[in-house]
Amino acid sequence: MAKKATKWFWGVVLTPIAIFLVTLLCVAIFAEIPSFEELEDPKSNLATLLISEDGKVFNTYHIENRSFVKFTDLPQSLVDAVVATEDARFYKHSGIDFRGLGRVGFKTLLLRRSSQGGGSTITQQLAKTLYPREELGGNKIGRTVKMVGIKLKEWITAVKLERNYTKDEIVTMYFNAIFFGSNAYGIKAASSTFFGKEPCDLTIEEGACLVGMVNKPTRYNPVLNYEQSLKRRNHVLHQMAKYDYITKAERDSLQALPITLCYQQQDHNAGLGSYFRDMLRRTMSAKEPHRSSYRQYEDYAVDSTLWSDDPLYGWLNKNHKPDGTRYNLDKDGLRIYTTLDTRMQRYAEEAVAEHLGGELQSIFSKELATKRKRPFSDDTPQDVVNLLMKQAMRWSDRYMGMKAEGVPDAEIEKSFHEKTQMRLFAWNKKGYVDTLMTPYDSIKYYKSFLRSALIAMEPNTGKVKAYVGGPNYRYFKYDNARQGKRQVGSTIKPFLYTLAMQEGFTPCDKVVNVPYSFQLPDTVWTPASTDRAEYIGRTVTLKWGLTHSSNNISAYLMKQFGPVAMVEMCRKMGIGSFLMPVYSLCCGSCDLSVYEMVAAYNVFPSRGVYCSPMLVTRIEDKSGNLLSSFSTRKKEAIGDPTAYLMVNLMQGVVNEGTAGRLKYKYGMTNVAGKTGTTNDQSDGWFIGYTPKLTAGVWVGAEDRQAHFESLYYGSGSNMALPIWGIFMKKVYADPSIRIGPDDQFTAPLGWNMRLDCTGSDEDLNAAKSTGNSDDYFF
């Protein structure tokens, strides 16, 4: 009887164990267990990192915002926190903690205590990321069977991990794999998202907060559930003290601290340099140009040249992985080392926000409130208003989505006049306002906002140091810096003066200031002039002409050289867009982008050399292997003496002319530049440069029919120049950038020409200028 009982006992005990071992063996033999190569190089969706020239990751391309770190990047307190909280016996087991499983089985299953944890080790949790539970489906029995299979795979994978990697390597892989919520995958993304810093800079309590989120990323998210997150963080600190990683005194002091966040979710609408990121994606994704895809031949010619000469343009279509497949910016974890400087980029974005979001938009909104056809000017024909609104409706996501679903046009249009709850951009602390409005009115609302673009570029290299394409990328996706082309007004005049300097004129040469007319096939055209009456008929210097943006003097120079020669000079300066060789070109009747205008002005401080805008210095794969490197592409545009003469001419604009606000309000010295204002004040420009930096700013509304009514508010010196001044003042104030007011322009070797004219009214022995003159326009 005793023998029978013994056999029965061992049968009951050993049979389940035998079944378990056989099952484990079958899983190990037949299941798809990851290889060593897959464990070491998992096919995760790694974010591509955009790295600035000053060594900061300022933005990413991603599906999952995930970036890898090394063990040396992890503070010891962070490792201690996760071990104390998630796996206290981490350094004692070999992947599976049978003691922990026994504890969970006894306390959870027998004593019915549901708070004893799941018994999974850190290694098992890492293995779990390879088998997502959301793949489970079917009925309850089927899900249970699948769960058992997955669990066994996890165990085997955990054992393989322990046998082939050190504990440090496992904990590093764990921190790179875990999801922390808020679209942050891995500790690098999490520390940046919640605390705005690298993992190595996390404090003990910050690391404890992040470790506490691993268990339930939403419940313990400090942004969504602060109190729950605080309790969880304090629990982690308690565990660290329990296992002697910190003292009880440290625990108590740290638990008394609040959670101080620097939260910025890294989605596709957020982050520093979002317009630059979007522009760079378009550049790298470009396909080989075909003439049929272009309206203007000049745009096709520009892109064709870029395709053949610029290795970055179309890089994703020109370069492939070793297996022949294309690189994917959102998944392959590339490291793109850009020319952007995060300090300058931040100052540029701040400058745009300070000026647009401050007084300028407020004045513009008050002016619009008095208009019958707001946001459009009252003299805008009604059929033009209807066309602009119809186009905006058809370009909207609402229209395209409903059209794709087969909704009739009448119903779509009706939906635009039905009020709905929406969140709109606003210049306030939150950056938005929640309101009830019709989609039609929301279109008018957005058309009422002034837009802006700013690009800063380094002389002699062409490196783009700052790039802003609009007021806020989340709400204004269109890139006004490179995609948009607007009428340039008087900012084109320096190219005409460059032609004159190259042909032997000097800044101090004198011209009679009278209107000049041009015979056209069917009429006579005379550029309008706003020069004071007492200046008409006087002899003035060329420097005075540019300083005061005189259309009369520009017309005189156009008479000397003709529009074809001016177009040729613009081409030498790097302008590739369509330019009609007409006389009105001398007053800026053409549409150009901020991108090509800044690159062209950069010729002057670069001593006559055109440097193609440079965006990236090198690209590496996720392992740090070099894939491509890039260098500055240069060509001589004008001679060094000509460039220096232009510097002298354009310094007069700042010292005595239309850009005088830079001197008397912002205290800028050793600056050269030019303002620009276009028809009806639709566009305001200022492009200026110092010996070490060139920057250009444009401001205007989405539609040219929405504009200031007066030149006082709508001039380039009021709309665009203050952004330039605010930006440069911030740059000057940062000693780490090493650009300052003491930087000097250098004359060419052997220079002996006297340039004793200033461009001021003293040159004429006339009354002193009041400083109220500004650009006129075509």
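Which residues of α20 are buried? They are K493, P494, F495, L496, Y497, T498, L499, A500 and M501.

1. **Basis of the model.** This is a predicted model, where local features need pLDDT of at least 70 and side-chain atom pairs count only at pLDDT 80 or more, while totals for chains, interfaces and linings use all residues. Residues are numbered from 1 along each chain as its sequence is written, and side-chain values use heavy atoms, with hydrogens and water left out.

2. **Helix α20.** This helix spans residues 493–502. Nine of its 10 residues are buried, so the rest of the structure largely encloses it. Buried means under 20% relative accessible area, exposed means over 50%, and partly exposed falls in between (1.4 Å probe, protein chains only). The cover over its buried residues includes α21 (542–547), α22 (551–572), α23 (594–601), α24 (640–656) and β20 (672–677). After α20 comes G504, with a positive phi near 110°.

3. **Overall make-up.** The protein has 28 helices and 22 strands. Helices (H or I, at least four residues) and strands (E, at least two) are DSSP runs, numbered from the N terminus. Of its 778 residues, 53% count as buried. Take the contacts between residues at least 6 apart in sequence: 70% of them join residues at least 24 apart. Contact means heavy atoms within 4.5 Å. The protein exposes about 36000 Å², and carbon and sulfur atoms supply 53% of that. Accessible areas come from the Shrake-Rupley method with a 1.4 Å probe; for residues, only the protein chains shown count as cover.

4. **Nonpolar cores.** The largest nonpolar core holds 136 residues. Such a core is a set of buried Ala, Val, Leu, Ile, Met, Phe, Trp, Tyr and Cys residues joined through side-chain atoms within 4.5 Å. L280, Y467, F495, F604 and F727 touch the most other members. Helix α15 (residues 342–368) gives the most to this core, with 10 residues. A second, separate core has 44 residues, among them L78, A84, M173 and L230.

5. **F727.** Leave out residues up to four places away in sequence. F727 then touches M344, Y347, A348, A351, L454, A456, A466, L693 and A695.

6. **A five-strand sheet.** What is the strand order of the open sheet of five strands? The order is β2-β1-β5-β17-β18, with mixed pairing. β2 (57–61) and β18 (626–629) stand at the edges with a single partner strand each, so one side of each has no neighbour in the sheet. From one strand to the next, the twist averages 20°. Strand β17 (residues 616–620) runs antiparallel to β18, joined by three bridges. Two strands pair if DSSP finds at least two bridges between them. R618 stands opposite S629 in β18.

7. **Helix α12 on the sheet.** Helix α12 (residues 274–285) packs on the sheet and touches β1 (48–51), β2, β5 (335–338) and β17. The direction of α12 makes about 50° with that of β2. Axes are lines fitted to C-alpha atoms, for helices over the stretch in contact, and angles run from 0 to 180 degrees between N-to-C directions.

8. **G207.** This glycine is found in helix α9 (residues 204–213). Its relative accessibility is 3%, so G207 counts as buried. Apart from neighbours within four places in sequence, G207 is in contact with L78 and L202.

9. **F416.** This residue lies in the loop between α18 (409–415) and β6 (420–425). Is F416 buried or exposed? It counts as buried, because its relative accessibility is 2%. Setting aside neighbours within four places in sequence, its contacts are M393, S396, R398, Y399, T438, P439, Y440 and I443. The C-alpha atoms of F416 and Y440, 24 residues apart along the chain, are separated by 5.1 Å.

10. **Backbone points to check.** Most residues other than glycine have a negative phi, and most peptide bonds are trans. A cis peptide bond joins R374 and P375, with omega about 10°. P375 sits in the loop between α15 and α16 (382–394). N183, not a glycine, has a positive phi of about 60°. N183 is in the loop between α7 (167–177) and β4 (184–185). N460, not a glycine, has a positive phi of about 75°. N460 is in the loop between β8 (450–457) and β9 (464–468). At 37% relative accessibility, N460 counts as partly exposed.
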